[in-house]
Number of protein chains: 2
Amino acid sequence: MIVLDGKKTAQDLKEEIKITVSEIRKDGQRSPHLAAILVGNDGASLTYVGSKVRSCKYVGFNSTLIHLDESTSEEILLKKIIELNHDDELDGYIVQLPLPNHINEEKILLAIDPKKDVDGFHPSNFGRMALEMDAFIPATPFGIMELLERYQIETTGKHCVVIGRSHIVGRPISILMSQKGQAGNATVTVAHSRTQDLVSLTKNADIIVMALGIPEYLRADMIKKGVTVIDVGITRVADENHPKGYIIKGDVAYDEVAAKAAAITPVPGGVGPMTIAMLLKNTLIAFQRKN
Amino acid sequence: MIVLDGKKTAQDLKEEIKITVSEIRKDGQRSPHLAAILVGNDGASLTYVGSKVRSCKYVGFNSTLIHLDESTSEEILLKKIIELNHDDELDGYIVQLPLPNHINEEKILLAIDPKKDVDGFHPSNFGRMALEMDAFIPATPFGIMELLERYQIETTGKHCVVIGRSHIVGRPISILMSQKGQAGNATVTVAHSRTQDLVSLTKNADIIVMALGIPEYLRADMIKKGVTVIDVGITRVADENHPKGYIIKGDVAYDEVAAKAAAITPVPGGVGPMTIAMLLKNTLIAFQRKN
């Protein structure tokens, strides 16, 4: 059984990006530059954005954190976005979600210049991805593809069951894995809350991508031997014995599933760490497309 | 067994659009206006475009056919497109494919204003569709959804196998049928040339969408009783006994499959006629969004 080590793979990726950045600098160019807009003080968002800024520093990117007050109006936020769209010294930026309720998220996403949309959430990027043109691929599915490729998991002709049809994970990964290319050419089924007889699907799957958000949903009796399992779930479950008061659980009952699987991503340390690495990679791509 | 009669349904739709247009005219507004650009003299393209123009007339739309010489440069075509983008009296237009080899199709599609892209081929529209925003849906998958809805075929929780992963049929219909909504909420599998053991998929499917382009590929021994079959195939097969020298064949061996199916689209007279009707519907939507 192979553990698909996202933590290590993300670290490898960062080292590669770091080398590329130092070559860019030697070449006399400025570093790639990523900005993040954060509105308000949501605890998880602060953590994510902080971690993104630290990762930028690590690989040698310039980074800018634009931290706006919770009460910031939609109009002010839109103005900021237009400013970033026109900033030639900026390659890409993200707007950390969720936004406060008084701001229309769709309106904000649509205002982002698709060329700087390194989160890949703009419909123009989503469409380009689905139509196999150059695009920014959302970090989580992009990270899954990278993991599958680096561990040389055979996907061609395999039956992959994706559980979850979200815009940022289930839908894009189902498209990517069924397209031509490495880690592609799979026969992909998308299952979701309305699916009947899920177990007959998972039992016949060669690859399972869990993106459901229900802790330890996938159990050993739902899979066949030798399956590859990708666990995208990250749910905080209360745990008195832990200093933080909670632990992170994936969508997979890890121990029993790992005992039957050929390959599996752990939680934490699987898909999660890949996400920030792929955001950095998208920023580098944005820089390279411009230069 | 129900025959999903695309010819009749398309006619119903046209009558409905005709009534809406007469109300628009009574209201003192101009008619919706569709234009088609045709480059060169490809026989099939001339037929399609001619049929689109006639359908426009039938429902009371204004229509413009822009027929350019085979030797038209990419630059001239792009200029024409920019002109149409800025024409306030025009609601939508299509560029008939295929284009001559010296013209970059992707470049042309990307130049079309997504608000006038009634074929729904622009990545911005594709992404909006996949992300469940208002969008122009490509006519063929849009027509399939309309047929399923009008015949009240139950799709929720059903297993739908889509055979073919093309940008204009397989991919979009697989997304639409797995989204929330009427004719949606299906568990959808996309199969294609690299799929292994296709028969075990089709035998377990409640709904099969054939978009492969191989005449009479789906046979009775590949399906279970009571399945709904949507046949998107239209292949010309040589036939000396026919005045045209060919007949049109679908991807389904109709007689034997129909005997086992609960519902089926014939070829011709199934999905085909729906396509033009949905192009008209998209044009009406473009008009209504503007006004």
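Q: Is helix 7 (residues 170-178) of chain B enclosed or open, and how many of its residues are buried?
A: A residue is buried if 20 or more other C-beta atoms, placed from the backbone, lie within 10 Å of its own, exposed if 12 or fewer, and partly exposed in between. In this predicted model, nine of the nine residues of helix 7 of chain B are buried, so the helix is largely enclosed by the rest of the structure. Among them are B:G170, B:R171 and B:P172. Helices (H or I, at least four residues) and strands (E, at least two) are DSSP runs, numbered from the N terminus.

Q: Which residues lie on the two sides of strand 7 (residues 207-210) of chain A?
A: In a regular strand the side chains alternate between the two faces of the sheet. Here A:I207 and A:V209 are on one side of strand 7 of chain A, A:I208 and A:M210 are on the other, and all are buried, which leaves both faces covered.

Q: What joins strand 7 of chain A to strand 5 (residues 159-163) of chain A?
A: Two strands pair if DSSP finds at least two bridges between them. Four bridges join these parallel strands, and A:C160 stands opposite A:I207. Four bridges also join strand 7 of chain A to strand 8 (residues 228-231) of chain A, again running parallel; there A:I208 has A:V229 as its bridge partner.

Q: At what angle do helix 1 (residues 6-26) and helix 2 (residues 43-59) of chain A cross?
A: Two packed helices are described by the angle between their axes and the distance between the axes. The axes, lines fitted to C-alpha atoms over the stretch in contact, with angles from 0 to 180 degrees between N-to-C directions, come within 8 Å and cross at roughly 55°. That makes helix 1 of chain A oblique to helix 2 of chain A (under 35 degrees is roughly parallel, over 145 roughly antiparallel, 65 to 115 roughly perpendicular, the rest oblique).

Q: How many residues does each chain bring to the contact between chains A and B?
A: Two residues are in contact if their C-beta atoms, placed from the backbone, lie within 7 Å. Chain A gives 25 residues and chain B gives 25 residues. Helix 5 (123-130) of chain A supplies seven residues, the largest share of the side of chain A that touches chain B.

Q: What are the numbering and the confidence limits?
A: Residues are numbered from 1 along each chain as its sequence is written, while chains are lettered from A and ligands numbered from 1 in the order in which they are written. Local features need pLDDT of at least 70, side-chain atom pairs count only at pLDDT 80 or more, and totals for chains, interfaces and linings use all residues.
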